[in-house]
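These are my notebook entries on a structure that I looked up.

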Amino acid sequence: MLTADENAQLTRVGPGTLMGDLMRQYWIPVVLSSELPAGGRVKRVRILGEDLVAFRAPSGRVGLLGEFCSHRRASLYFGRNEEPGLRCVYHGWQYEPGGRCIDMPNERPESSFQDKVTHPAYPCAEGGGVVWAYMGPASPPPGLPDLEWTEVPEDQRFVSKFWQDCNYLQALEGGVDPAHISFLHGILDARDDGLRRALDQAAAGFGFAAQLERAPHIEVADTETGLLIGARREAPAGQYYWRVTRYLVPFHSMPPPEVGSDPVIHSHVWIPIDDDHLVNWCISYHPTRALTADEVAQFRAGSSIHVMDYAPETSEAYGDIRPIQSRANDYLADWEAQRIRKFFGVPGVGSQDKAITESQGNYDRSLERLGRADIGIIRVRKCLLDAAIALRTRRVPPPALDPAGYRVRPAALLLPKEASWVDAVLKTAATG
Ligand code: FES
Ligand SMILES: [Fe+2]
């Protein structure tokens, strides 16, 4: 059980907060590289409570600057994207991507004022088709994380993102919660053809009936970079079926893959926009082959973890990735389906997760009643708080700063009952 103070420590992310300081130690995805054409329009973004603008100078260099001009706070969203930097349209001050003011045309030529002005700016790097920012104190920053999805060829991955109307933590908690799958995403009527087929397909790889225990036994193990969260179910021939989620401090999670001989792997990055919203980054990739046109079409249509049916775009931060399904329209729930067919009538797995975590509101975790099935969530919170407190009070570097520590996969394994699931995951799930 958390205290109200711990709840606040875990969920507040602005500059100077405990969790905000921890998260600023890590590279943070900002936008897709393709969203920033060289010399093109500026995008508003908001990360960890900071209003920023992202742009790509005509030379190709990406910049991430504080949104409001250092002069008199006009928005640089309207800035002119000129080489070698972004120029405010109010009085013409120009900033290069590193934040130096390089031109101040409204001052007399003999003035040296421009040399005294440095605008907030964060280093950016690109990997996996994504622009990442480093908002922390290290100079130079650590290397970009060696996540497998960032290193496979472009045709082997699919990356989408959507805006979510809640604190980052409950969204992340849903991502490391194996106990909700049989319910939130479950079906009532096993005669339903489409759903039945999907379940049978899922089980075919392991050759046993699709019927999974609804309350798996859950265990958690520490790793150098975060946690393994294992959900164990009975399987034939004296075996256990383990589905293992990966959690990497502070905001990456990887659900266990779909079962089968050739599974696509999924991953989330849960990035706080501020204390009340997040960007849910959703990645599906295959380590060794291109995704098929059919797989990509399904992701685009909102299958699996993706939610891509967006409301009309606005120029606010992440105003182009706000899903149509929202609290205001009951997430387009089909109440009749909920009565007879599905446990929860909202269409789409990703939308179901979004709807239910948004329904929690920005809540106080001291009011919860946690059971044994919540052990993964308890340990993720502890991981985050321990790392943030160690950083704040003892200047202990947080875990998972080494890029190589990200070379991991989640797992779905059939193992003899006496085998160590942790050893098995560590042996089989590590990649190059
Ligand atoms: S407010 Fe930007 S140059 Fe004056
Ligand atoms: Fe879910």
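**Entry 1**

Helices (H or I, at least four residues) and strands (E, at least two) are DSSP runs, numbered from the N terminus. D353 is partly exposed, at a relative accessible area of 25%. My classes are buried under 20% relative accessible area, exposed over 50% and partly exposed in between (1.4 Å probe, protein chains only).

**Entry 2: conventions**

I noted that the model is predicted, that local features need pLDDT of at least 70 and side-chain atom pairs pLDDT 80 or more, and that totals for chains, interfaces and linings use all residues. Residues are numbered from 1 along each chain as its sequence is written, chains are lettered from A and ligands numbered from 1 in the order in which they are written, and side-chain values use heavy atoms, with hydrogens and water left out.

**Entry 3: salt bridges**

I counted 27 salt bridges in the structure, each a side-chain nitrogen of Lys or Arg within 4 Å of a carboxyl oxygen of Asp or Glu. One of them pairs E50 with R24, with 2.7 Å between the closest N and O atoms. E50 belongs to strand β3 (residues 50–56), whereas R24 is in the loop between α2 (18–23) and β1 (27–32), 26 residues apart. E50 is buried at 14% relative accessibility, and R24 is buried at 6%.

R87 and D103 form another, at 2.9 Å between the closest N and O atoms. R87 is in strand β6 (residues 85–87) and D103 in strand β8 (residues 101–103), so the bridge ties together parts 16 residues apart in sequence. R87 is buried at 15%; D103 is partly exposed at 24%.

I also recorded D146 with R407, 2.7 Å from N to O. This pair links the loop between β10 (130–134) and α3 (148–151), which holds D146, with the loop between α10 (375–394) and β18 (411–416), which holds R407, 261 residues apart. Through shared partners, salt bridges join E35, K43, K161 and D320 into one network.

**Entry 4: cores and domains**

Which residues have the most contacts inside the largest nonpolar core? They are Y247, Y318 and L384, in a core of 72 residues. A nonpolar core here is a set of buried Ala, Val, Leu, Ile, Met, Phe, Trp, Tyr and Cys residues joined through side-chain atoms within 4.5 Å. Its largest share, eight residues, comes from α10. The core draws at least three residues from each of domain 1 (27–134) and domain 2 (148–429); these bounds come from an automatic or database domain assignment. Beyond four places in sequence, Y318 is in contact (heavy atoms within 4.5 Å) with residues including V30, W163 and I273. A second, separate core has 16 residues, among them C69 and W93.

The domain centres, taken over C-alpha atoms, are separated by 34 Å. Their contact takes 20 residues from domain 1 and 18 residues from domain 2.

**Entry 5: backbone**

I found a cis peptide bond from E83 to P84, with omega near 5°, and another cis bond from V249 to P250, with omega near -5°. L48, not a glycine, has a positive phi of about 50° and is buried at 0%. R73 likewise has a positive phi, near 70°, but R73 is exposed at 56%.
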